[in-house]
Amino acid sequence: YLQLPADLTKMHLTDNPHPQVTHVPSSQSGCSIASDSGSSSLSDIYQATESEMGDVDLTGLPEAPVDSEDEEEEEDEDIDRTSDPLLGRDVVRECLEKEPADKTDDDIEQLLEFMHQLPAFANMTMSVRRELCSVMIFEVVEQAGAIILEDGQELDSWYVILNGTVEISYPDGKSESLCMGNSFGITPSLDKQYMNGVVRTKVDDCQFVCIAQQDYWRILNHVEKNTHKVEEEGEIVMVKEHRELDRSGTRKGHIVIKATPERLIMHLIEEHSIVDPTYIEDFLLTYRTFLTSPLEVGSKLLEWFTVDSLRDKVTRVVLLWVNNHFNDFEGDPAMTRFLEEFEKNLEDTKMKGHLRLLNIACAAKAKWRQITLQKPSRDSPLFFSLLGGSDKGFGIFVETVEMGSKAAEAGLKRGDQV
């Protein structure tokens, strides 16, 4: 059942593990995503840009308030408590021991986080795992050597091992051991099914979750009805899944779970569902796993920038990219040129607010570095020009760098502040 058609094998999973993130409208330039280098977020920069404080001083970033020693000790205790694996197992067991009807949304989230680690649930979508967690029943077999299923016995459940080991002895004399995270029992069908072999526990205190045949069949087959496939020229290029993030039904919509690389790039500028508010951030974090070069994204963004209706969306993608992953640009000359071209496009279209925001984000994210240039004589050209100084009222910046020169090879870039 879990095998996809052949034309889906080149698609890539973009499952969002944090559905509770607040949605940011695509029309906003700012966002509240924390950067990977610990600098101020784009929302801080955006507010500073839009305020009437005049020029923003980039010589230092705002300092975070320092907590007292008592607060630090309390936080350390909290961390110790939450990082205790035994405590985590206790919380999960409390959730498991409840009857399905008594499980709350919090209980299901706890189970979902635990089950996500088990191989038996690895190839399932988030909504399927959530549904299974809501109906699973907990069972414990105390003694080693206890027979769970006899050979030829009619099956009525799907079992997943949470603790311990079981052995399946087949009629032909072969045997197989299954440990934590493995599953056995029925397949997702309503047909009568019978056990082939004898299943017995190998150790004491074996723990399982069981899902009844009717529930297992219903949940795994419902996902097919719950998906929407996008086709282009007879080929499936994207699969979306309908999700509800709470039982009230107020937060529901479609989320992209698989797509071709080209379709994933295109989705950057499409409208995103309320259940998938962080698609752009997720894409920028994971594109390296399915694209050979970031320029595949950059060239598309430059192309879309020429379309008036897409300009704001493209700018938001670039600002998020610069803010969250500035290393993609700083360590790649081709991406630096992309950023310069994008900056020029902002100048040409008179998007001064966005241009200022981009410059401040780049300045906040850039790292100090030392560059050494050696000249054969005092009169030799520098191959770069500077702009600014005290008479201009701002710092000294590199205005141009000649391509292919020693200065460019040394790593000097337009926009560098000396």
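A: Leu 386 is partly exposed, because its relative accessible area of 45% lies between the limits of 20% for buried and 50% for exposed; this value, like the others below, is computed from a predicted model. The residue belongs to strand E12, which covers residues 384-389.

As a general point, the strands of a sheet pair through backbone hydrogen bonds, in either a parallel or an antiparallel sense. E4 runs antiparallel to strand E7 (residues 198-201), to which four bridges join it, and in this pairing Val 166 stands opposite Thr 201. E4 also pairs with strand E5 (residues 175-178), again antiparallel and over four bridges, and here Ser 169 stands opposite Ser 175. E4 and E5 form a hairpin in which five residues lie between the two strands, and Gly 173 in the turn has a positive phi of about 95 degrees.

Another set of strands forms an open sheet of three, in the order E9-E10-E11 and with antiparallel pairing. Its edges are strand E9 (227-232) and strand E11 (252-259), each of which pairs on one side only, and from one strand to the next the twist averages 30 degrees. Six bridges hold the antiparallel pairing of E9 with strand E10, residues 235-244, and Val 230 stands opposite Met 238 of E10 within it.

Turning to the cysteines, a search of the whole structure finds zero disulfides. For Cys 95, the closest cysteine sulfur is that of Cys 133, at 9.9 Å, which is too far for a bond, because a disulfide calls for two sulfur atoms within 2.5 Å. Cys 95 is also buried, with a relative accessible area of 3%. Cys 210 counts as buried too, because its relative accessibility is 6% and the limit for buried is under 20%.

How values were computed
Residues are numbered from 1 along each chain as its sequence is written. This is a predicted model: local features need pLDDT of at least 70, side-chain atom pairs count only at pLDDT 80 or more; totals for chains, interfaces and linings use all residues. Side-chain values use heavy atoms; hydrogens and water are left out. Buried means under 20% relative accessible area, exposed over 50%, partly exposed in between (1.4 Å probe, protein chains only). Two strands pair if DSSP finds at least two bridges between them. Axes are lines fitted to C-alpha atoms, for helices over the stretch in contact, and angles run from 0 to 180 degrees between N-to-C directions.
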